[in-house]
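This report describes selected local features of one protein model. The sequence and structure are shown first, and the description follows.

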Amino acid sequence: MQTLIIALVAISQSRGQLQFVNPFIGTGGEGFGVGSTPPGAQVPFGAMRLSPDTASLTFDFTWNHFGGYYYGDTRILCFSHTHLVGAGVEDYGTIGSMPVRTVADDTVQDNGYFSEFDHSNEYASPGYYSVYLSTHHVLAELTVAGGLTGVHKYTFEGSEKKYIVIDALHTIQKGAGINGTVLFNPMSQQVSGYVLLKGSLTGRNGHGVYVYFVSLFDQNVTEHGMWENGSLKPNANNVPPGGTTAAGYFGFSGVNQVTMIFSISFISTEQALLNMQSEWNGRNFKDCQRSAEEKWNTLLGQVNIVSKDQGLLEKFYTALYHVYAGPTDFTEAKGMYIGMKGNVHQLTNEKRRFSDLSLWDVHRSQTPLLALLQPSVLQDVVQSLVDMSREGGALPRWPIANVFGGAMIGNHGYQVILDAYVKGISSFEVHQALEAMYDEATCPTTPHDARPCLKEYVTLGYCPKESHGNSVSLTLAYSFDDWALGTLAQLLGNTSTAEIMLNRSQNYQNVWSNSNQLMCQRDSSGRFNCPLDPNLNTWLYTNDGFTEGNAAQWRWFVPHDVSGLIKLFKSKDVFVEELDAFFGKSQDYTSNVLPNPYYWAGNEPDLLTVYLFCFAGRSDLTQKHVRWLLDNKYTTGSDGLPGNDDYGTMSAWFVWGTFGLYPLTGTTAYFIGSPAMDNALLTLPNGGTILTTFRCFIMVCSFHISGKIVIHFTPEYINYHINIEADNLCNLTSFLYLSC
């Protein structure tokens, strides 16, 4: 074992994990199999995601460009500075920049400054991206100086003129950028401006999100001008807001290379300049790149896995990289951030404000991984949720920037809060969190449509079909949420709330049709309306009661009471038999283009399902199917994710699966799966370690945990409490998989 540890340490020190990361994984795919991950440069959790936005020569499908970049495209429109990370919606992509050789009236019309490119002249690694722009004969290189500051370096070939275009109205969603402006100060050579963004999510507060910017060049601008309402105006120093175009061009003479520092703010241009001063500090491109790479290597280096399978290493470390791409650290220089009502706040004691939280997704796999590897991040995430409720009147479902995005269903921030608390991450306002959760769960008039169909859900014990198109999924989600609320109340000694909510958490049984053995729609009089074929994906075109899944997939969604779910089946053996068939039949569908009618690896409702065999005493089937999914649904290609990554959710599932563990969110239980690596060494924040060794082909024959941390152990799962407080991690020493 000592030799193993020495080998793992040598890998970490001599090469690092960056060599295994391929940011192009997840940038391709087709249909529902598009991963939507941007391949550009950022630091972990950075708001500055400096990445190319692309287009094809023919028709551009909207769903190909949720992350801005699509691997199948041949044109780069520009490099923009904010991006969603694997989310299935159009937003961000603010303020485009592009090096060009000529300027004309039509340059900024429909991204007329685009360039052709070829993947053979493209490279990406954490914190760095480069591509040769063949139309303009320019090598473009991108890195970041921090979470709010990007660094562009453009190397121009030949003697043609050299310009950089800054387009304030560029956004991924066409027309989402309005009321933009660009200003140039010839004396300071500083460019600044802003855009009001009203995207699919950022526009849901009614007034949008302002993104401000400041940029500086390392060379003197010798020629400049602006585009105002589509007309080129040489020597103009500004574009007034409100026009159809808001862009500027900046020319350079006698040089072949220009570096541009570009900082953003959600508060003001003055704050953007402060962000630049705080993060850049006059460093050159290479120093900024090296610093970004060090940040990534620090986080990725927490996990050293050993495998002879280079493809596994590439998939694993790319997945871990995607896990740390979000959520977004929304904190600006001097601890400033803009709140949910537009007021500016200031944090102290190095606390961080986080946003862009895809809570319906991340609570299943990504935030539990943060609980283990980056507990300080999760603590600030949870406190951010509490602060958002204080500022805006409700806990958010899907906060983006300073907006209640309101996407998806349920209140699954509850699970994130509970999961943090039960794992010892408790230095947040937990009683205020409980109060906000209770208010949402009991008051139908809570702002931001926090719980649609709440009145009927409380009165009837389920959401009736005539009240909501996703009535079954809502009932199941609210039952899960009520369990989280009730469990937290119980832990905090609020017995009356605990009793009410834990009783309500059994409402999932009210949409179970015993005769059909399915979760089904019910009307307000109690009549069931079950689908004739539960595997039909009717949710794609009608309100069939389910959210992003069919009746066959939502049949298994009772994560808080799987034992109770098993009792609804005719027998435990029937449960196992039908669950096994559910996975077996899914393997007949090899394409990710359309949703699988059985187990759908590319979307969230199914993610826990493969581990449900453990509750029925058949962990061998969990291990069998997990291994098949790891080997067949995740690849090293651009289509290497089975669906939208949703801020690292799919990637975190792969990370956990490779470990051979999977979290049951809101508890201290971890299911035993099928480890895919030979060995792994996890270094925890205070220096404690988890060491795993695996020699079996698929099955875990025995599982031994050393140290004094075991509370419960069965062949199906382990249950232990990890106190994440810095002084208490010494008890967590190692996990050891033994050979068969």
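This is a predicted model: local features need pLDDT of at least 70, side-chain atom pairs count only at pLDDT 80 or more; totals for chains, interfaces and linings use all residues.

Tyr541 sits in the loop that runs between strand S28 (528–529) and helix H13 (551–554).

Tyr541 also belongs to a nonpolar surface patch, formed together with Phe32, Leu540, Val593 and Leu594. The accessible area of this patch is about 510 Å² in total.

## Ala41, a buried loop residue

Ala41 lies in the loop between helix H1 (2–14) and strand S1 (51–55). Its relative accessibility is 1%, so Ala41 counts as buried, given that buried means under 20%.

Beyond its neighbours within four places in sequence, Ala41 is in contact with Met48, Arg49 and Leu50, with Gly127 and Tyr128, and with Leu142, Thr143 and Val144. Glu141 is 100 residues away from Ala41 in sequence, while the C-alpha atoms of the two are 9.6 Å apart in space.

Helix H4 covers residues 310–323. At the N-terminal end, H4 is capped by Asp309, which has a side-chain oxygen 2.9 Å from the backbone nitrogen of Gly311.

Because 11 of its 14 residues are buried, H4 is largely enclosed by the rest of the structure. The buried residues include Leu312, Phe316, Tyr317, Leu320, Tyr321 and Val323, and also Lys315 and His322. Among the elements covering the buried residues are helix H3 (285–300), strand S18 (303–306), helix H6 (366–373), helix H16 (619–632) and helix H17 (649–659).

## Backbone exceptions

Most peptide bonds are trans, and most residues other than glycine have a negative phi. The bond from Gly326 to Pro327 is cis, with omega near 5°. Pro327 is located in the loop between H4 and strand S19 (328–329).

Asp356 is not a glycine, yet has a positive phi of about 55°. This residue occupies the loop between strand S22 (354–355) and helix H5 (359–362), and Asp356 is buried, at 2% relative accessible area. His448, likewise not a glycine, has a positive phi of about 65°. His448 is placed in the loop between helix H9 (430–442) and helix H10 (454–460), and its relative accessibility of 40% makes it partly exposed.

Notes:
Residues are numbered from 1 along each chain as its sequence is written. Side-chain values use heavy atoms; hydrogens and water are left out. Patches are made of residues with over 30% relative accessible area and no salt bridge: like charges are joined within 9 Å, nonpolar side chains (Val, Leu, Ile, Met, Phe, Trp, Tyr) within 5 Å. Accessible areas come from the Shrake-Rupley method with a 1.4 Å probe; for residues, only the protein chains shown count as cover. A salt bridge is a side-chain nitrogen of Lys or Arg within 4 Å of a carboxyl oxygen of Asp or Glu. Helices (H or I, at least four residues) and strands (E, at least two) are DSSP runs, numbered from the N terminus. Buried means under 20% relative accessible area, exposed over 50%, partly exposed in between (1.4 Å probe, protein chains only). Contact means heavy atoms within 4.5 Å. The expected span of a helix is 1.5 Å times one less than its number of residues. A polar contact is a pair of N or O atoms within 3.5 Å; within protein, one must be able to donate a hydrogen and the other to accept it, and residues adjacent in sequence count only if both atoms are side-chain atoms.
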